[in-house]
Amino acid sequence: MKKYTYPDPSLEVHGVPNFEQRKTLKRLTDDVMKKVPSLNVLGQRSPGVRIIFKTNSKAVNFTIEMEDVSVDIGSGLFQRLSSHVLVGDHGKARFSALVSSYDYNSNIAKGTLEKDDTLENVMLWLPTCSVIKNITVEIEEDGVIESPDPYKYTGVVYYGSSITEGVNLSSSANTYSAIISERLSCDYYNLGFPSNAKGEPEIAEYIANISDISVFVYDYDHNAPSLEHLEKTHEPFFKIIREKHPLLPIIMITRPNIENTPDYMERRDIVKKTYENARAHGDENVWFIDGSTFFDKEERYLCMLDRTHPNDLGNYKMAQKIMPIVKEALIKAQGEKK
């Protein structure tokens, strides 16, 4: 078998902002994590990060080594140790292999992809809640690795809470942002930070400097510790990014878990006010999505894991509602016709 070890250039990395300059799997730079110490560990996680390449090898072995593996409420070891492998064209890829560990005392996940000798895209979605130490890919001696097919769209950035990051799901490929990415063939960045996305200006500055940003989606309302904090930070966060990108499509979303949120309506109105103020000043590149519309009135509980975090079904339904807006924003950003 021929072995390729990250950061071998044959293994394209997607989902890390400005990766070509930084060459690291960390979502945040060391400088930003120093400015916002609460993100020191979370900024090193890799939700939404994909290793993508094209190969005709009929067998592909994967090994992922994590720095450490720990459990969290609702986020079990399977999610932290496991990766899905999708094969095929963007928008038509199939779930073809699982990279995991059946020893929960281990921090090493392994798996083998078996397919025919068609030269096609192979996408390894890294574990959501772990810090990655090493990645190895092995193919047959007579196999080849080539650059994958490009995404149709690039640079969709999602910023928000643990819901955005995708904790408590079975796979990082099942977050609403990942589902939208595959359906629309759009590359993206997942900047969800459990309990610690609080609209910090340093993070807004970081997002504003992502080189290929084409659409920005933010929904950190869940992490704002109070109404006062949300009101103090939400519009300023928007303005920092708008100043750097006057025409950037920006989508504002409110939380989906309304049942245990007495102040949901007030929070929603704060977010909506940012949107309405932008529109009142002639900004035609903003959208507002009310999170209470994501799930049907009947059997909403089927979409939630713990009354806070949407499960796999919940993320699927979120993608159903958010995707048309993201598509509209992408079309507008690239000047295409619907």
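How many bridges join strand S1 to strand S9, and do the two run parallel or antiparallel? In this predicted model, S1 (residues 2-5) and S9 (residues 132-139) run antiparallel and are joined by four bridges. One of the residues to look at here is Lys-3, whose bridge partner in S9 is Glu-138.

S9 also pairs with strand S4 (residues 59-66). That pairing is antiparallel and has seven bridges.

The next part of the model to follow is helical. Two packed helices are described by the angle between their axes and the distance between the axes. For helix H5 (residues 176-184) and helix H9 (residues 312-333), the axes come within 8 Å and cross at roughly 50 degrees. Because of that angle, H5 is oblique to H9. The crossing of H5 and H9 is right-handed. On the H5 side, the contact is made by Tyr-176, Ile-179, Ile-180, Arg-183 and Leu-184. An α-helix has 3.6 residues a turn, so residues three or four places apart point the same way. On the H9 side, the residues in the contact are Asn-315, Tyr-316, Met-318, Ala-319, Gln-320, Ile-322, Met-323, Val-326, Lys-327 and Leu-330. Sorted by type, the residues of the contact of H5 with H9 are 11 nonpolar, two polar and two charged.

H5 is also mostly covered, with eight of its nine residues buried. The buried residues of H5 are Tyr-176, Ser-177, Ala-178, Ile-179, Ile-180, Ser-181, Glu-182 and Leu-184. Among them, Tyr-176, Ile-179, Ile-180 and Leu-184 also take part in the contact with H9. Just after H5 comes Ser-185, which takes a positive phi of about 55 degrees.

How do the axes of helix H7 and helix H8 cross, and within what distance do they come? The axes of H7 (residues 227-244) and H8 (residues 264-280) come within 10 Å and cross at roughly 25 degrees. H7 and H8 are therefore roughly parallel to each other, and their crossing is right-handed. From H7, the residues that meet H8 are Leu-227, Leu-230, Glu-231, His-234, Glu-235 and Phe-238. Their counterparts in H8 are Glu-266, Arg-267, Ile-270, Val-271, Lys-273, Thr-274, Asn-277 and Ala-278. The contact of H7 with H8 is made up of six nonpolar, three polar and five charged residues.

A last stop is Asp-290, in the loop between strand S15 (286-289) and H9. Is Asp-290 buried or exposed? Asp-290 has a relative accessible area of 15% and is therefore buried. Leaving aside neighbours within four places in sequence, Asp-290 is in contact with Thr-254, Tyr-264 and Arg-268.

Key
Residues numbered from 1 in each chain as written. Predicted model: local features only at pLDDT ≥ 70, side-chain atom pairs only at ≥ 80, totals over all residues. Heavy atoms only, no water. Axes fitted to C-alpha atoms, helices over the stretch in contact; angles between N-to-C directions. Parallel < 35°, antiparallel > 145°, perpendicular 65-115°, else oblique. Left-handed = near helix turned anticlockwise from the far one by under 90°. Contact = heavy atoms within 4.5 Å. Nonpolar A, V, L, I, M, F, W, Y, C, P; charged D, E, K, R; others polar. Pairing = 2+ DSSP bridges. Buried < 20%, exposed > 50% of the residue type's maximum accessible area, 1.4 Å probe, protein only.
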